[in-house]
Amino acid sequence: MRERRNQIAKRRQSANQWAGWVPFAALLLFWFIAATTGGASWGLAVVIAPPAFLVWLLVKTMGADTPDPVGKLVEEQPWQAWPCRVEEISGETSTPGKRRVLLLAPDRSVVRGFDGPMPEEVWLSMTDGLGVLWVCGDLRFPVAMAPRGGSPIWLAAPVPGPAPAESSQGPGVIEEVVRQAGQDAMRAWLNE
């Protein structure tokens, strides 16, 4: 999140620097036209001022914050550690890299499913598609997800309809994933 904030701040600073030059450029244009026509007039100032103001406003708004749904979500909602099972979504209509994340309850039942563009390195780091993800947000709406460690962050949308079937993994694997999620939650609580 710090990296995102830095990018937004740089974009705003760059736009503010350019916006500062617009009134100066308008003044130079006014002087140039006045010098070439033989004198300055209020009519000339009225003709130059509105376009200069519009250009200044345009440059100034380019640096305004664009909506960042991940940033807003992460700042307003707490993170939770969830054991999960991840499945690749196959088919002609699916987006490459789109995965289905199934959040698991301690009894191994599926609590909620989410679809989103999970980064390849996160997908490959999960053994047999099982692991722990940090989830930020209300499970009824799109959420932010991240692997243990918090980076990278991506958005995932809830899957409509009934929860998918129960896991076919053995109980030992699921218990280990649930234990890891509990450890992550306890570690986060102790470090606050």
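A residue counts as buried under 20% relative accessible area, as exposed over 50% and as partly exposed in between, with a 1.4 Å probe and protein chains only. By this scale E87, at 32% relative accessibility, is partly exposed. The structure is a predicted model, in which local features need pLDDT of at least 70 and side-chain atom pairs count only at pLDDT 80 or more, while totals for chains, interfaces and linings use all residues. Residues are numbered from 1 along each chain as its sequence is written, and side-chain values use heavy atoms, with hydrogens and water left out.

**Overall architecture**

- The chain contains five helices and six strands; these are DSSP runs numbered from the N terminus, helices being H or I of at least four residues and strands E of at least two.
- Along the sequence, the elements follow the pattern α-α-α-β-β-β-α-β-β-β-α.
- Of the 192 residues in the chain, 31% are buried.
- The accessible surface of the chain is about 12200 Å², and 62% of this belongs to carbon and sulfur atoms; accessible areas come from the Shrake-Rupley method with a 1.4 Å probe, and for residues only the protein chains shown count as cover.
- Among contacts (heavy atoms within 4.5 Å) between residues at least 6 apart in sequence, 60% join residues at least 24 apart.

**The barrel**

- Six strands close into a barrel in the order β1-β2-β3-β6-β5-β4, with antiparallel pairing; two strands pair if DSSP finds at least two bridges between them.
- Neighbouring strands of this sheet are turned by 45 degrees against each other on average, direction ignored; the axes are lines fitted to C-alpha atoms, for helices over the stretch in contact, and angles run from 0 to 180 degrees between N-to-C directions.
- Strand β1 (residues 79-88) pairs with strand β4 (residues 130-136) in the antiparallel sense over seven bridges, and L130 in β4 is the bridge partner of R85.
- β1 also pairs with strand β2 (residues 99-104), again antiparallel, over five bridges; here E88 stands opposite R99 in β2.
- Strand β3 (residues 110-116) and strand β6 (residues 154-158) run antiparallel and are joined by two bridges, with A157 in β6 as the bridge partner of D115.

**D115 and its surroundings**

- D115 lies in strand β3 and is buried, with a relative accessible area of 16%.
- Leaving aside residues up to four places away in sequence, D115 touches I89, K98, R99, R100, A156, A157 and V159.
- R100 and D115 form a salt bridge, their closest N and O atoms being 2.7 Å apart; a salt bridge is a side-chain nitrogen of Lys or Arg within 4 Å of a carboxyl oxygen of Asp or Glu.
- Because R100 lies in strand β2 and D115 in strand β3, the pair ties together parts that are 15 residues apart in sequence.
- R100 is partly exposed, at 26% relative accessibility.

**Other salt bridges**

- The structure holds five salt bridges.
- One of them joins the side chains of E87 and R85 (3.3 Å, N to O); R85 is buried, with a relative accessible area of 10%.
- Another links the side chains of R140 and D138 (2.5 Å, N to O); R140 is exposed at 57% relative accessible area, and D138 is partly exposed at 28% relative accessibility.
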